[in-house]
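Colleague: I would like to learn how to read a structure with two chains. Could we take it one feature at a time?

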Amino acid sequence: MADTSTVTEKGTSLWRDAWLRLRKNKVAVVSGVFLIVMFLLCFVAAWFTGDPNEQDLANKFAAVGSSSENIQQVRQDDGSSIKETRTLLHLLGTDQMGRDLLSRILFGGQVSLLVGLIATSVAFVIGISYGAISGYAGGRADAIMMRAVDTLYAIPFLVLVILLQEVLSGSTSEVATWLVKHWKFPDETTHRLANILPLFLAIGALGWLTLARITRSQILSLKQQEFAQAAISLGLSPSRILFRHLIPNTLGPAIVYVTLTIPSFIMYEATLSFLGLGIKAPDSSWGVLIKDGANYMETQPMLLILPALFFTTTLFALNFLGDGLRDALDPKAAKD
Amino acid sequence: MIGFIFRRVLQGLLVLFVLYTLSFFLIKALPGDAFTTEKAMSPEAKEEQMKRFGLDKPWVIQYGLRLQRLLLQQDLGISPKKNRKVSLILQQSFPASVVLGLNAFLVACVIGIPLGIFSAVRKNTWVDYASMGFAMIGICVAAFIIGPLLQTQVAMRLPAFKVAGWDNPVDWILPAITLGLAPAAYLARLTRGGMLEVLGQDFVRTAQAKGVPPLTIITRHTLRGGLIPSVAYLGPAFAYLISGSFVVETIFQVPGMGRHFIDATIDRDEDLLLGCVLYYGFLIVILNLVSDIIQASLNPRLRESL
């Protein structure tokens, strides 16, 4: 699909062409930069904003940009205690338990963004392998595998995610306890991961259906082409043909589809957390924060508006970037 | 056509069976049981309760007994938590969910399809950009943000609306808008794409050259073909309406099935949970069938291949 009019000395590839086209798309570039900034905020800057779970009941619902004097009793060696005062800046105010909202939003963002990455990777691996095997095998195996996909399609997605998540959470917490006990894994981090991982896995384990269909139809047409026939007649092993020759050629459409599933997976996580079925305390995500904020929306609208703003702008950026990628990788489908 | 419907009905039954089996064993694998959260229950009393609801037998036998009861007596069992028949609970909560879903669907069509048509006809004008911008908002702003915003900005300012409740038809409006906005956005994008595809074809140019009025070209020549992608979206749209209704029912306190489903998950109320899952599966199977039939009737090429 290389554009012959812009052949350079180096030659051009699908990916290089796509990159050039993407760079011209201002909305997509702005979205990309925005996402990088959001990532840095959530995964780097968050650690400088203090503990998201530290309560300060004297400072409930502090206004945006206010600061609080936090007085702590510090016990000294001789048994007496002195009061130590710390000044905490609450850039975005505090919530109903006096927790710093900025810190909660940034740490919550870690979970929301991780859902996008982990659940999508799980779905990506399953979907590509399943679709490729089904398409390559053909015949009866293909028919059975695709009927299975059809059947899963007709099942309400969120319903199964909820059930699967609850099932997985039992085993991941057991695994976490075992890891901490026998392998000296850091207690807090391991359990935190065990707390959030089931939801990620459940979404990923059920979100691969469309990807499998896309990959299968790609493989079906690719396997008729000369290079694939050549590989087959050379006697290469099926797995080598699949993974070295066929799958790399299906990645374009797959990546387009995957970038557009990231926002929808983030949305699923937030929806479940909003319902109280997703991420559970002490962890939080944007969905949890929005749910908490909705309880106080009459008197403290900022508690709803601020997390909603972070959540929505991120989704906007992901969708715009996804649209841009689609137009860049598949110029024929781009709107004229 | 009849053969096609027959095949799809059979396939639908298979889907329901797989769904029921899968959900049953998933539910059985859940940690805890219906009496875990019950305070101060002696082991003997618990055992008696487990026996009463048939929860003491091995899984496979429970599964067989349930399937037998479901198929032969059309009985979904009793919810130990609510101490009522599951079918009764579902019967009472079903109407509210259906009304909500239908209204949301109406909102989606009334907003989404005209918006898509306008933006396709006025491609690359401000109408197009505004419509597609609106569609992007509908996709990115979650129902659980729109709902609270409507509550604070509309319901609390206009006396006609209530923040939550489900007493008269006016109360249907805000939940329906909240639930319908996202599918409206997808519909607008799909309709635009479908219309553009058809509008670019030769027979449209011929019609234009013959001097057929623009409105007639749209209604008589392009709409039918242009709506095919939107009709294909109906199936996923219904699935969205069901999962979205969990959220909207929670926000606006609609007495529908969503709340029961969530409660049942948290309470490990097996029979109620299975009943809900089966109901949702049934709805989706039926609606997918309807969507397929509409698609076939709109698209002659598809009809011949059936």
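Predicted model: local features only at pLDDT ≥ 70, side-chain atom pairs only at ≥ 80, totals over all residues.

Modeller: Start with how far apart in sequence the contacting residues are. In chain B, 74% of the contacts between residues at least 6 apart in sequence join residues at least 24 apart.

Colleague: What percentage of each chain counts as buried?

Modeller: Burial is judged here by counting neighbours: 20 or more other C-beta atoms within 10 Å make a residue buried. In chain A, 39% of the 336 residues count as buried. In chain B, 38% of the 306 residues do.

Colleague: How many buried residues does helix α8 of chain A have?

Modeller: The count is 0 among the 8 residues of α8(A), residues 226-233, and the helix is hardly covered. After α8(A) comes A:Gly235, with a positive phi near 80 degrees.

Colleague: Now a pair of helices. At what angle do α4 and α7 of chain A pack?

Modeller: For a pair, read the angle, the distance between axes, the hand, and then the residues that touch. Helix α4(A), residues 139-153, and helix α7(A), residues 209-222, pack at about 150 degrees, with axes 10 Å apart. That angle makes α4(A) roughly antiparallel to α7(A), since angles over 145 count as such. Their crossing is left-handed.

Colleague: Which residues make that contact?

Modeller: From α4(A) come A:Val149, A:Leu152 and A:Tyr153, and from α7(A) come A:Leu209, A:Ala212 and A:Arg213. By class, this contact of α4(A) with α7(A) has 5 nonpolar residues, no polar ones and 1 charged.

Colleague: Let me try a pair in chain B. How do α4 and α5 cross?

Modeller: The axes of α4(B) and α5(B), residues 126-140, come within 8 Å and cross at roughly 145 degrees. The crossing is left-handed. B:Leu115, B:Phe118 and B:Ser119 of α4(B) meet B:Val127, B:Asp128, B:Ser131, B:Met132 and B:Phe134 of α5(B). The classes in this contact are 5 nonpolar, 2 polar and 1 charged.

Colleague: Is B:Leu88 buried or partly exposed?

Modeller: B:Leu88 belongs to α4(B), residues 86-121. With 13 other C-beta atoms within 10 Å, B:Leu88 is partly exposed.

Colleague: How many residues does each chain give to the contact between chains?

Modeller: Chain A gives 30 residues and chain B gives 33. On the side of chain A, the elements giving two or more residues are α5 (157-183), α9 (238-274), α10 (286-295) and α11 (301-329). Helix α5(A) has the largest share, 9 residues. By class, this side of chain A has 23 nonpolar, 5 polar and 2 charged residues.

Colleague: Which residues does B:Leu26 touch?

Modeller: B:Leu26 lies in helix α1(B), residues 2-29. Apart from neighbours within four places in sequence, B:Leu26 is in contact with A:Leu163, A:Leu164 and A:Val167. B:Leu26 counts as partly exposed, with 18 C-beta neighbours inside 10 Å.

Colleague: Last, the nonpolar core. Which residues touch the most other members?

Modeller: The largest nonpolar core has 146 residues, of which A:Ile203, A:Ile290 and B:Cys276 touch the most other members. Helix α3(A), residues 101-137, supplies the largest share of this core, 16 residues. Beyond four places in sequence, the contacts of A:Ile290 include A:Ala270, A:Phe274 and A:Leu304, as well as B:Phe144 and B:Ile145.

Technical notes
Residues numbered from 1 in each chain as written. Chains lettered and ligands numbered in written order. Axes fitted to C-alpha atoms, helices over the stretch in contact; angles between N-to-C directions. Helix = DSSP H or I, 4+ residues; strand = E, 2+ residues; numbered from the N terminus. Parallel < 35°, antiparallel > 145°, perpendicular 65-115°, else oblique. Left-handed = near helix turned anticlockwise from the far one by under 90°. Contact = placed C-beta atoms within 7 Å. Nonpolar A, V, L, I, M, F, W, Y, C, P; charged D, E, K, R; others polar. Core = buried A, V, L, I, M, F, W, Y, C linked by C-beta atoms within 7 Å. Buried ≥ 20, exposed ≤ 12 C-beta atoms within 10 Å, placed from the backbone.
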